[in-house]
Amino acid sequence: MFSQMDLFAGALVIVSIIILVALFSIQRFGTGKVGFMFAPVLALWFFSLGSIGLYNLVKYDISVVRAFNPIYIYLFFKKNGKDAWSALGGCVLCITGAEAMFADLGHFSVKAIQIAFTFVVFPCLLLAYMGQAAYLMKYPDSANRIFYDSVPDSLFWPVFVLAALAAMIASQAMISATFSCIKQAMALGCFPRLKIIHTSRKRMGQIYIPVINWFLMIMCVVVVSIFQSTTDIANAYGIAEVGVMLVSSTLVTIVMLLIWQTNLLLVLCFPLVFGSVELLYMSAVLSKIAEGGWLPLAFASVFLCVMYIWNYGSVLKYRSEVREKISMDFLLDLGSTLGTVRVPGIGLLYNELVQGIPSIFGQFLLSLPAIHSTIVFVCIKYVPVPMVRLEERFLFRRVGPKDYHMFRCVARYGYKDVRKEDHHVFEQLLVASLEKFLRKEAQDLALERNLLESDLDSVSVASRDPEASGSYGTEELKIPLMHERRFDESGTSASEETTSALPSSVMALDEDPSLEYELSALREAIDSGFTYLLAHGDVRAKKKSFFLKKLVINYFYAFLRRNCRAGAANMSVPHMNILQVGMTYMV
């Protein structure tokens, strides 16, 4: 026979699972659909916590304010010894939530979080815990369920509903923070490519990652079903909380030392003060590993392995591409036709090299009967800044002589930039930037040619003038001698002389024949359409590699590449315009 308490616990687990499934099921609609409820619900929640705490403090025992005296810390540890040290792990749970909000910076600013925690969260929680302490002074047997016992009877059900809603909102914050962290890890090349859905047209940070969402849901349901108590879950959460604190302090120390270049003494004081406190808490929560604390360590180990394997394999693949890139001398030997037929059109060849010609281009030349008249090597790079302005998105360089019509384009995105544009929009932006590059290149060449001609004219006139070669020496070479006769001819001003002296390429770039020819060829290629040239690469470890490297690359990394989102899908490339060739990278 099951006791009434067991039946209640079972029902509670079932209700929790139902709420979890419902919460994860609505993620695909975006937080914006229910986000309007968050602020009033949380404001009411914290107001109720502070009010009830103040009520209990005044009603039962206001003398608990003496706990602010630090001497009681010493007395507490002196009286309880090891049990007091173990209780530090429970103290960590008093401040949980801060790490979720700071991880979710895609939705809130730093200043907003600082103000909210300083003037709302901290004082309300302080009053709530002081009120519970005052209640325990009179009813010490209520320690196991102090929160609900300390709530006045007339407010029990409203507070219960508020607590459930607040828990769901806190869970929502953790889910959104997970999506944001995964997206930024993907942008930095530290996580396999996954499908990202942007749920809001107005707010950039609101995203949804289906694979991560369903993975979290399954894991949460499994954890609730196995643990069936808040004690073990709290132990797991305590280790995760202190782990985040230690990692944050370590990273801040590195930033202070390398980026902010703070005084070395202050850099050492920061981990000494904060790190010692965090290590003390960590030593307390590590005693709970066998009682549920193993869970976050297991999850962290799995994610660390996935991230390390993906980054390790990607770095080796990139090094292989750099090592096997095609030399420019080889292309020059092929000529402007590249050893094949050039047909109108623009070929966008995606690769990871920021300089040099990728080896996959040789595979296209061998596999295709013809190649496009304009080739653009597109390299998408995520830079360590939040956003890149649109006018600074593309960087162009010419590859080879002009008649090759080959260019390199580096498309730069910040880790918070949203690559949501339609492929037509991307193509238009790329072509507009390419035309701007061609005009700027022609202008720079014209100015350089004009300066060179001016210098030659100055040297020629100076060599024919006996006075110039006498007393004035080389100083006259700096000023053209034609400057003295600018106003000799009637009706001619200095500005007119200057204008007439410039070549046609500076006066009107559109009249430059080479520029006009290149722009017309580009427009003809645009009219013929775009083709996306992609590599279907297979990464394999060399035969002489160590067994562990073969295991990681040939199996684990290959598994991640096969099951992650394909490059074409991740770049929003239309499948009708894709050409792929296979290639094996030996790393």
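**View 1. An open sheet of 6 strands with mixed pairing, in the order 5-6-4-3-7-8.** This is a predicted model, in which local features need pLDDT of at least 70 and side-chain atom pairs count only at pLDDT 80 or more, while totals for chains, interfaces and linings use all residues. Residues are numbered from 1 along each chain as its sequence is written, and side-chain values use heavy atoms, leaving out hydrogens and water. Strands here are DSSP E runs of at least two residues, and helices are H or I runs of at least four, both numbered from the N terminus; two strands pair if DSSP finds at least two bridges between them. Strand 5 (394–398) and strand 8 stand at the edges with a single partner strand each, so one side of each has no neighbour in the sheet.

**View 2. Strand 7 beside strand 8.** These two strands run parallel and are joined by 9 bridges. Look for Leu-533, whose bridge partner in strand 8 is Leu-579.

**View 3. The largest nonpolar core, with 31 residues.** Such a core is a set of buried (under 20% relative accessible area, 1.4 Å probe, protein chains only) Ala, Val, Leu, Ile, Met, Phe, Trp, Tyr and Cys residues joined through side-chain atoms within 4.5 Å. Leu-338, Phe-361, Phe-377 and Met-406 touch the most other members. Helix 14 (360–367) and strand 4 (370–383) are among the elements that each supply at least two residues.

**View 4. Leu-165 in helix 8 (residues 156–187).** Leu-42 lies 123 residues away in sequence, yet the C-alpha to C-alpha distance to Leu-165 is 8.5 Å.

Definitions and conventions. Buried < 20%, exposed > 50% of the residue type's maximum accessible area, 1.4 Å probe, protein only.
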